Amino acid sequence: MNEKAITRASEIINAKKDYIGGGTDFVVLSLIDDEGFPTSAPITLSKADGIKWLSFLGAIDSNKVKRIKNCNKACVNISTSDYNITLVGTIEVVTDLETKKQHWQDVFTEHHGAVDCPDHCAFVFTTKRYSIFFMDDFTEAEGIL
């Protein structure tokens, strides 16, 4: 385990929590569809604890929810031309109000309504393994959490 790479990747991810909007980096969530094929889509990170867990917000009637309920295995990729952080693990759909509040950001209210709206949920991703690469010093790390 390369603690330096994990710490650096965690700092990058933690800087993105409470982050809404553009930028040059991408957070991509990959899920398995009902035919067993991988699907990927950009998603906005809501909260995080380094590489340990990340959360996102979405609509309860979305394809993401259907896919998660069918197969909870997932991958999150965060990358720029300077680094690549790939996290593989499991993801769950959370609908209870208290947990949604823990992952909610006020800026989501503008686009999605109030946190207590039953049409929205949180996706909580838990990392099982990671692969990290930094271009500036060619640091590379892979491992299991």
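## Helix α1 and its length

The expected span of a helix is 1.5 Å times one less than its number of residues, where helices (H or I, at least four residues) and strands (E, at least two) are DSSP runs numbered from the N terminus. For the 14 residues of α1 this gives 20 Å, and the end C-alpha atoms are 20 Å apart, so the two agree.

Do keep in mind that this is a predicted model, where local features need pLDDT of at least 70, side-chain atom pairs count only at pLDDT 80 or more, and totals for chains, interfaces and linings use all residues. Residues are numbered from 1 along each chain as its sequence is written, and side-chain values use heavy atoms, leaving out hydrogens and water.

Ala5, Ile6, Ala9, Ser10, Ile12, Ile13 and Lys16 of α1 are buried (under 20% relative accessible area, exposed being over 50%, with a 1.4 Å probe and protein chains only). Their arc, taken from the directions from the helix axis to the C-beta atoms, is only 160°, so they sit on the same side of α1. The face turned away from that side carries exposed Lys4, Glu11 and Ala15.

The buried residues of α1 pack against β3, β4, β5, β6, β7 and β8 (139-144), with contact meaning heavy atoms within 4.5 Å.

## The nonpolar core

A nonpolar core is a set of buried Ala, Val, Leu, Ile, Met, Phe, Trp, Tyr and Cys residues joined through side-chain atoms within 4.5 Å. The largest one here has 30 residues, and Ile13, Leu54, Phe56 and Ile85 have the most contacts inside it. Its largest share, 6 residues, comes from β7.
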